[in-house]
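These exercises look at aromatic rings and at the residues around them. Work through each task with the sequence and the structure in view, and then compare your steps with the solution.

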2 protein chains.
Amino acid sequence: MSAMSEKTTREQIVEAADRLFYRQGYEHTSFADIADDVQISRGNFYYYFKTKDEILDAVIDRRLADRREMLARWEAETESPAERIRCYIKILVTNQADIKRYGCPLGTLSSELAKLNHEAQGEAKALFTLFRSWLRRQFEALGHEAEADALALHVLAASQGVATLANAYQDNAFIRREVEALFDWLDARIAEVKSAGEGAGKKVPRQRRRRAGH
Amino acid sequence: MSAMSEKTTREQIVEAADRLFYRQGYEHTSFADIADDVQISRGNFYYYFKTKDEILDAVIDRRLADRREMLARWEAETESPAERIRCYIKILVTNQADIKRYGCPLGTLSSELAKLNHEAQGEAKALFTLFRSWLRRQFEALGHEAEADALALHVLAASQGVATLANAYQDNAFIRREVEALFDWLDARIAEVKSAGEGAGKKVPRQRRRRAGH
């Protein structure tokens, strides 16, 4: 909060737009809504952004930077790829208040831009791809080289589905249950590699070597 | 097609609105878009609907009637609750062209109305609840009495997640893989009941009796 005054006007606009796009949708949010939220004049606003598309690009960039930072933090906090994947899954619980009201910020923006056939669809997809690539690397580190991308997409899809239903039903018990089910699914994927490794006598050491390289 | 001329103007409006709300979103669709699509005058249009909220209610009613009919058809076509659940999962493949372009009609409407904090949120949720209750009954018939509702929500969430990612990535192989994974998950749920039934020597006949009652 004390850092608030140090934010540039541009940063304040993008922050407000990010929040409003998430809470009320991109299409439904007007220039006036954003200007009112930041409490600046329309003139000042237009100095920074001429079109809503420009704001959208800046919001997506902001989200990309924010999520990249989060993933880097998880990587710094734990060496374990399984624990890192659990960090991702746990967002459903950590952010459940917002998810219950507004859904997932990435999934709902992606869906909305697809319907608008908006040219920023590709940039919004890059947000999914950020998580997809990061999850894929964790599954590779777990020893799931061949199907790492499929497993990453499965985790992404599962969490998107939980977010959509949590938004419709506002049901904490449902969220907890699905998070536990995903943890169990992940444990089963880890067990698969371990038993294959014991059988082949190779996979586990290879995986350890790779992990040490992080 | 030959029945087209027999549709009432009201039906044509609701059908066009349903399609447009799905393809371009509720918020983004104007009265003019719908009137143009049906090729009627604004005056004629206003005779049937005074507000977009009224059209939304009619679209949700239409979707409810349409999906109820689909579920009744599946119930008529097969006695097997497992096969009925597979019919639901297979929508992801049957409708994949639309899902890749526009996502799931139910999930995207539910998410959009939540962001608009629209009073029809409850009615949109009724669409999910229609499938939830129907899936729950199938899991009960399979012998999963206690956790039938949780299993129903899991299937709903899984399919929502696949729709969101299919919409972002337009990836048929991903859809097929996730449908197969859901089939495997369902087989495991069936096997659970069977092995419990063999242990207790009771559950399987009970389940058969119930199924015969349909």
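**Exercise 1. How many aromatic pairs are there over all chains?**

Solution. Rings of Phe, Tyr and Trp (its six-membered ring) pair if their centres lie within 6.5 Å, and planes under 30 degrees apart count as stacked, over 60 as edge-to-face and the rest as tilted. By this rule, the count over all chains is 18 aromatic pairs. One of the pairs is formed by Phe139(A) and Trp185(A), with 6.0 Å from centre to centre and 80° between the planes, which is edge-to-face.

The model is predicted, so that local features need pLDDT of at least 70 and side-chain atom pairs count only at pLDDT 80 or more, while totals for chains, interfaces and linings use all residues. Residues are numbered from 1 along each chain as its sequence is written, chains are lettered from A and ligands numbered from 1 in the order in which they are written, and side-chain values use heavy atoms, with hydrogens and water left out.

**Exercise 2. Which helices hold Phe139(A) and Trp185(A), and is Trp185(A) buried or exposed?**

Solution. Helices (H or I, at least four residues) are DSSP runs numbered from the N terminus. Phe139(A) belongs to helix H8 (residues 121-141) of chain A and Trp185(A) to helix H10 (residues 172-200) of chain A, so the pair ties together parts that are 46 residues apart in sequence. Next, buried means under 20% relative accessible area, exposed over 50%, and partly exposed in between (1.4 Å probe, protein chains only). Trp185(A), at 18%, is therefore buried, and Phe139(A), at 0%, counts as buried too.

**Exercise 3. Describe the pair of Trp74(B) and Trp134(B).**

Solution. The ring centres of Trp74(B) and Trp134(B) are 5.6 Å apart and their planes make an angle of 55°, which is a tilted pair. Trp74(B) lies in helix H4 (residues 52-77) of chain B, whereas Trp134(B) lies in helix H8 (residues 121-141) of chain B, so parts 60 residues apart in sequence are tied together. Trp74(B) is buried at 8% relative accessibility, and Trp134(B) is buried at 1%.

**Exercise 4. Where does the charged end of Arg132(B) sit?**

Solution. A charge sits over a ring if NZ of Lys or CZ of Arg is within 6 Å of the ring centre and within 35 degrees of the ring normal. The charged end of Arg132(B) is over the ring of Tyr169(A), 4.5 Å from its centre. Lys52(B), in turn, lies over the face of Tyr26(B), at 4.5 Å from the ring centre.

Conventions. Helices (H or I, at least four residues) and strands (E, at least two) are DSSP runs, numbered from the N terminus.
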